[in-house]
Every structure is written in structure tokens, then in C-alpha cells.
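Subject: A structure for you to explore

Hi there,

Here is the structure I promised to pass on to you. Have it open while you read, and take your time turning it around.

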Amino acid sequence: MSVNASLTDVLAEGVSHLRQAMDGDETRRRRPALWKAYGTGPAVLAGDALFALAVSTLAEAPGPGGPAAVRQLAGALGDLVHGQAQDLLFESRPWSGPGAVLPHEYRAMATHKTGSLLGCAAASGALLAGAPPSTAEALDRAGRHVGVAFQAVDDLLGIWGDPQVTGKPVHSDLRRLKKTYPVLAALSAGRPAAGRLDALLTSAGPLDDAAARRAAELTEEAGGREATIAEAREHLAAARACLDRVPLAEGARGDLLTLIPYLADRTR
């Protein structure tokens, strides 16, 4: 396995453990999340250990690109923490009014929280291979756009995905009143259903199953599902544009362009 593939796997697993502990997700791929099985402390330690392993993997990589790749990773981890903190702070903000979370704020959060991880995975591989900084920067931008698209589709699957396929409990984000892109887009759409959705979300604490189903219906009626798909496709198009601006080997370009459509249409 290549250094960059190892780095990507390690980072993704470390981030997953930490996010599940913070978000309260009890299952992952139809199995108990690490924090649920062993406790929050062990889950956080496991995530920290995986981050340390990622740094070690890059520091020990052969060739002159190692130091630049370590700096890339350090910057990405800082962005990731910033994005995760933004996501947590969103939960304390209202659904409507002056303090409401707007779609562009979500976009910035997702760029940091998820985009930094994918951007780092793309750019660090280029740095380790000796590519010029301009190529690494373009790959980082492409990865960040892909990350926003991935996060938007992940939010969509959290509302309308099949739990037997996604391995996630349906409507868990809605029950927890989490600020996800489909709901934020629906609330800002100005359609009549948006007002009913706002009233439902602000009426009480966490939603029960019936209220969560109704919130999903209103989100779709107000255009949240349609807007989320459009958002994902817009960022994937921007990622393609980033790739078109740099010289890449045809095999590498082809692999990346094959991956991009899957991210918009994935079911898990």
C-alpha cells in the first residue's frame, strides 16, 4: 500500500472515531461505534493515536517531499478542528432570525471539517511525488470542493438514505436538531413549507420519530433535497475545474474523474 493510501485510511479512521463521539452517533456500518462499545475516553485516545500515526507515516516517507507533506497535514488538522468546532457551535444557534446558521456558513464549515481531510490526502500525495506547489495547491482545492460535496450528500443520506445500506439510523440528525445542509437550504428557500418546518423545529426539544418524519417531509417540500443535490454537483464541477488547470498523468486524472460522479450519486 502506498504512503498516501495509508495516510488517507489512518486519517479517515481517526476522524471517524472522534466525530462519532462528539456527534453521539451510536452505530457505524451497522456496528456499535467505538465510543458506544468502549467509552468516550478510549474513542478519543484511539483518534489521537491515529493522528499521531499519520504524522509518523509522513515523517518517515522517503524522498525530499516529506517535510512539505507534514506541513500540509498540520494545516489540514488545524482546519479540521476548526470546522468540527464550528459544527458543534451551530447546534446552539437558532433555526431562524438574526443568529440563524446560513447555507454559506455551513459551506465554510464543511470546507474545513471534511474538505481539509480530502484536500490533504490529494495534496500530500503530490508533494511526496515531487510535484510543484501549484499542483499540490490545485489538488488541495479540488479535495476541499469534493469534501463539501461529500458532506452535503452525507447529510442527505442521513435524512433519506436506506439504513440497511448506509448503516446509519434514519433521521438521527433531525431527531437531534442538527444543522444539516438540506434543512438549512429548506429554511432559506422562502417556500411556504419552510415556515412550517421552522415552527416544527423550534417548537420543543429533540424530535420523536413522528416529528422527525414530518420534518423530513417538510424539508423535501421546501426544496432542501433538491438544493443539496445541486450543491453537491456544483462543488464536484468546481473540483473538476481544479483538476483541469494542472498537468496530471492521465492515469491519475482518470482515477480522480471516475471517483467524482460516485460521490454525488452514492447511497452509503
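This is a predicted model: local features need pLDDT of at least 70, side-chain atom pairs count only at pLDDT 80 or more; totals for chains, interfaces and linings use all residues.

The largest nonpolar core has 51 residues. Among its members, Trp95, Leu174, Val183, Leu197, Leu201, Leu207 and Leu236 touch the most others. Several helices each give at least two residues to this core, including helix 5 (103-128), helix 9 (181-187) and helix 12 (224-244). Helix 6 provides the largest share, with 12 residues. There is also a second, separate core of eight residues, and Leu58, Ala61, Ala69 and Ala76 are among them.

Leaving out residues up to four places away in sequence, Trp95 touches Ala100, Leu177, Lys178, Lys179, Val183, Leu184, Leu187, Asp198, Leu201 and Thr202. What sits over the ring of Trp95? That is the charged end of Lys179, 4.4 Å from the ring's centre.

Finally, go to Gln164, which lies in helix 7 (residues 163-166). Is Gln164 buried or exposed? Gln164 counts as exposed because its relative accessible area is 62%, and the cut-off for exposed is over 50%. Gln164 and Arg268 are 104 residues apart in sequence, while their C-alpha atoms are 9.4 Å apart in space.

Enjoy exploring!

Best wishes

Key
Residues are numbered from 1 along each chain as its sequence is written. Side-chain values use heavy atoms; hydrogens and water are left out. Helices (H or I, at least four residues) and strands (E, at least two) are DSSP runs, numbered from the N terminus. Buried means under 20% relative accessible area, exposed over 50%, partly exposed in between (1.4 Å probe, protein chains only). A charge sits over a ring if NZ of Lys or CZ of Arg is within 6 Å of the ring centre and within 35 degrees of the ring normal. A nonpolar core is a set of buried Ala, Val, Leu, Ile, Met, Phe, Trp, Tyr and Cys residues joined through side-chain atoms within 4.5 Å. Contact means heavy atoms within 4.5 Å.
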